[in-house]
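Please read the report below alongside the sequence and the model.

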Amino acid sequence: MLYDVIITGAGPAGISAALYARRANLNVLVIHTGAQALEKAHKIENYYGFPQGISGPELYEAGLKQAENLGVTVLKDQVISLFQNSDKSFSVITAGEENGNAGGEKQFNSKTLIIACGNKKLRPAVKGITEYEGHGVSYCAVCDAFFYRNKDAVVIGNGKFAVSEADDLANTASSVKILTDGQDESEIKKTAGTKYEIITKKVKEIKGDDKTGRVNAVEFEDGEILKTDGVFIALGEAGAADFAKKAGIFLNGDSIKTDEKMRTNVKGIFACGNSTGGLLQVSKAVYEGAVAGLSAVNFLRETGEAE
């Protein structure tokens with residue numbers, strides 16, 4: 001099935017975009033992994049229409065119900081990758097845990113994309129990570145795998161996102177290992193089986209060559225040294241910046257760059273909410289979501305893709 005719009009994220013920005021797109025009679029799919037930032041909001045007292053305030057989880061659930069009542073398809077699953085096809089449509093790959101039921105990776109296709117999942121970029125508390133960013137430490141396998149042709153690389157992470165990054169690296173690198181940094185390895189084994197060597201030791205430091213200034217090894221807390229040419233960070237779930245890099249979308253730091261209509265530099269992809277940085281408030285997210293939804297509608301009408 002080819003959707004008109006796929007939206008990653010079901011917070012205020014994503015749901016607002018979904019409502020406007022659906023009211024224009026578009027076929028809309030929202031993919032999300034939960035309340036995320038709103039889960040941490042015990043009480044929201046500065047948002048219009050709630051004189052007694054409202055909790056983040058309550059607002060989140062109300063938004064989901066509103067979208068579903070309007071006919072938006074809502075799927076709880078983890079997005080691990082997205083890309084543009086040769087026909088200019090887009091594909092979104094999920095872990096396949098559809099509404100909690102594991103079933104292997106799934107692919108969903110659409111005419112437009114709206115990125116509204118916020119940023120989740122995490123750095124492990126490991127010496128050398130920041131020092132060697134851009135010099136052997138990377139956060140995007142699709143972007144940088146080319147530079148590791150016939151070289152050794154490791155991925156630090158313990159979930160499906162880490163396996164996805166390892167899969168991208170495996171196409172070019174001579175060897176790929178996954179380091180869980182002391183975390184449980186069961187999720188990786190369940191996803192990747194025996195494809196990759198998994199090392200569960202706690203990482204102490206990323207080391208580099210003094211002459212080249214580039215990464216050349218990982219040291220574990222037990223003193224063991226693992227030689228490697230590159231370290232890829234893939235902790236937790238992929239966030240907006242991770243997806244932007246995979247799709248060739250311009251960033252300003254870790255925030256997606258958009259114009260006033262929430263359009264990115266890639267035609268057909270829009271971004272809104274926390275993914276664009278700035279004021280991290282519900283009011284800003286709702287506004288940008290509305291603009292992104294309407295911009296997707298106008299894009300499809302202008303290109304003749306809206307039915």
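What follows is a short report on selected elements.

## Basis of the report

This is a predicted model: local features need pLDDT of at least 70, side-chain atom pairs count only at pLDDT 80 or more, and totals for chains, interfaces and linings use all residues. Residues are numbered from 1 along each chain as its sequence is written, and side-chain values use heavy atoms, with hydrogens and water left out.

Helices (H or I, at least four residues) and strands (E, at least two) are DSSP runs, numbered from the N terminus. Two strands pair if DSSP finds at least two bridges between them.

Five strands make up an open sheet with parallel pairing, in the order 7-14-8-9-10. Its edge strands are strand 7 (137–138) and strand 10 (197–199), each of which pairs on one side only.

Strand 9 (residues 175–179) runs parallel to strand 10, and three bridges join them. Within this pairing, lysine 177 has glutamate 197 in strand 10 as its bridge partner.

Strand 11 (residues 203–208) and strand 12 run antiparallel, joined by five bridges. Glycine 208 stands opposite valine 215 in strand 12. Glutamate 205 has glutamate 219 of strand 12 as its bridge partner. Six residues lie between the strands of this hairpin, where glycine 213 takes a positive phi near 75°.

Strand 12 also runs antiparallel to strand 13 (residues 225–227), through three bridges. Here glutamate 219 stands opposite isoleucine 225 in strand 13. This hairpin has four residues between its strands, and glycine 223 takes a positive phi near 95°. How many of the six residues of strand 12 (residues 215–220) are buried? Five are, so strand 12 is largely enclosed by the rest of the structure. Buried means under 20% relative accessible area, exposed over 50%, and partly exposed in between (1.4 Å probe, protein chains only).

Helix 4 (residues 160–170) is mostly covered, with eight of its eleven residues buried. Among the buried residues are Lys160 and Glu165, along with Phe161, Val163 and Leu169.

Asparagine 158 sits in the loop between strand 8 (152–156) and helix 4. Its relative accessible area is 25%, so asparagine 158 counts as partly exposed. The C-alpha atoms of asparagine 158 and leucine 235 are separated by 6.8 Å, although these residues are 77 residues apart along the chain.

## Helix 7

Does the span of helix 7 agree or disagree with the value of 1.5 Å a residue? The 21 residues of helix 7 (residues 282–302) should span 30 Å, and the end C-alpha atoms are 30 Å apart, which agrees. The expected span is 1.5 Å times one less than the number of residues. Just after helix 7, glycine 304 takes a positive phi of about 75°.

## The second largest pocket

The second largest pocket has a volume of about 330 Å³. It is lined by 20 residues, of which Tyr47, Leu59, Gly63, Gln66 and Val286 are the closest to its centre. Helix 1 (12–23), helix 2 (56–70) and helix 7 are the elements that give two or more residues to the lining. By type, the lining residues of the second largest pocket divide into 16 nonpolar, four polar and no charged.

A pocket is an open set of points on a 1 Å grid over the protein atoms alone, where a 1.4 Å probe fits, with protein on both sides within 12 Å along at least five of seven lines; lining residues have an atom within 4 Å of a point. Volume is the space filled by probe spheres set on the points, which are joined across faces, edges and corners. Ala, Val, Leu, Ile, Met, Phe, Trp, Tyr, Cys and Pro count as nonpolar, Asp, Glu, Lys and Arg as charged, and the others, Gly among them, as polar.

## Aromatic pairs

The structure holds four aromatic pairs. Tyrosine 47 and phenylalanine 50 form a stacked one, at 6.3 Å centre to centre with 20° between the planes. Rings of Phe, Tyr and Trp (its six-membered ring) pair if their centres lie within 6.5 Å; planes under 30 degrees apart count as stacked, over 60 as edge-to-face and the rest as tilted. Tyrosine 47 is partly exposed at 22% relative accessibility, and phenylalanine 50 is partly exposed at 31%.

Phenylalanine 270 and phenylalanine 299 form an edge-to-face pair, at 6.2 Å centre to centre with 75° between the planes. Phenylalanine 270 lies in strand 17 (residues 269–271) and phenylalanine 299 in helix 7, so this pair ties together parts that are 29 residues apart in sequence. Phenylalanine 270 is buried, with a relative accessible area of 1%, whereas phenylalanine 299 is partly exposed at 21%.
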